[in-house]
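Please open the structure in a viewer and keep the sequence beside it.

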Amino acid sequence: MKSFKYNIPFCKAATFTCHCCSYATTIYSDREWLQFTEKLFGNESNRDCDRNYDAGIIYRDDIDEEISLHIQMTQLPESKHHCDNFSNNNSRIHWTEQLVDCLVCKKNSMLFTKYTTGENILLFYELCVESAKPVHPSIEWIEKNGNKIIVISGNGQGFSAT
């Protein structure tokens, strides 16, 4: 059986600090770049979508004592909010550019300060490795003529169990 190599999952931690109250915490990300499409931003002829709040997802360890890697949505920086800024260069945002919610101020006021090795980085790496695995196991079968074995690997999209 052919083995497939998967990319090493992206797994980084950084300190984010609130520019209002100086509260700091460790933030984890499983994506280096977020890619937006013109459909999400709209285009210059359609200026109805002047803000986009679904910028990305980060993980943090200061929200819930029971869940060491709590998921949180982030917000786009002001420079990425408006539809008329859409271009190929502007459709990507690095995870350190995202605005993160401050637990003290209750605003999206936390900004990247520096990369760090987070307390939960090993746990986060294991979570990233697990999520990078295919959703479905490989499937093997022999065609009706008995000559050919077909192997399908991946998440199984486009295939039905019927």
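Which residue is the bridge partner of Phe16 in E7? Select Phe16 and then Phe112: in E7, Phe112 is that partner. The model is a predicted one, in which local features need pLDDT of at least 70 and side-chain atom pairs count only at pLDDT 80 or more, while totals for chains, interfaces and linings use all residues. Residues are numbered from 1 along each chain as its sequence is written, and side-chain values use heavy atoms, with hydrogens and water left out.

Next, select strand E1, residues 12-18. Helices (H or I, at least four residues) and strands (E, at least two) are DSSP runs, numbered from the N terminus. Strand E1 is largely enclosed by the rest of the structure, because five of its seven residues are buried. Here buried means under 20% relative accessible area, exposed over 50%, and partly exposed in between (1.4 Å probe, protein chains only).

Two strands count as paired if DSSP finds at least two bridges between them. In E2, the residue opposite Phe16 is Thr25.

**Two loops**

Move to Ser22, which lies in the loop between E1 and E2. The hairpin of these strands has five residues between them, and Ser22 takes a positive phi near 70 degrees there. Ser22 counts as exposed, at 56% relative accessibility. Now select Lys106, in the loop between strand E6 (92-94) and E7. Its phi is near 60 degrees, a positive value in a residue other than glycine. Lys106 is exposed, with 62% relative accessibility.

**The cysteines**

How many disulfides does the structure hold? The number is zero, a disulfide being a pair of cysteine sulfur atoms within 2.5 Å. Select Cys11 and Cys128: the sulfur of Cys11 has its closest cysteine sulfur in Cys128, but at 4.3 Å the two are too far apart for a bond. Cys20 is likewise in no disulfide, as the nearest cysteine sulfur, that of Cys18, is 4.4 Å away. Cys11 is buried at 18% relative accessibility, whereas Cys20 is partly exposed at 43%.

**Strand E5**

Select strand E5, residues 70-74, where Met73 is found. Met73 is partly exposed, with a relative accessible area of 41%. Together with Ile57 and Ile71, Met73 forms a nonpolar patch on the surface, with about 260 Å² of accessible area in total. Patches are made of residues with over 30% relative accessible area and no salt bridge, like charges being joined within 9 Å and nonpolar side chains (Val, Leu, Ile, Met, Phe, Trp, Tyr) within 5 Å. Accessible areas come from the Shrake-Rupley method with a 1.4 Å probe, and for residues only the protein chains shown count as cover.

Thr74 also belongs to strand E5, and Thr74 is buried, with a relative accessible area of 3%.

**A salt bridge**

Finally, select Arg60 and Asp62, which form a salt bridge with their closest N and O atoms 2.7 Å apart. The term denotes a side-chain nitrogen of Lys or Arg within 4 Å of a carboxyl oxygen of Asp or Glu. By this rule the count is one salt bridge. Are its two residues buried or exposed? Both Arg60 and Asp62 are buried.
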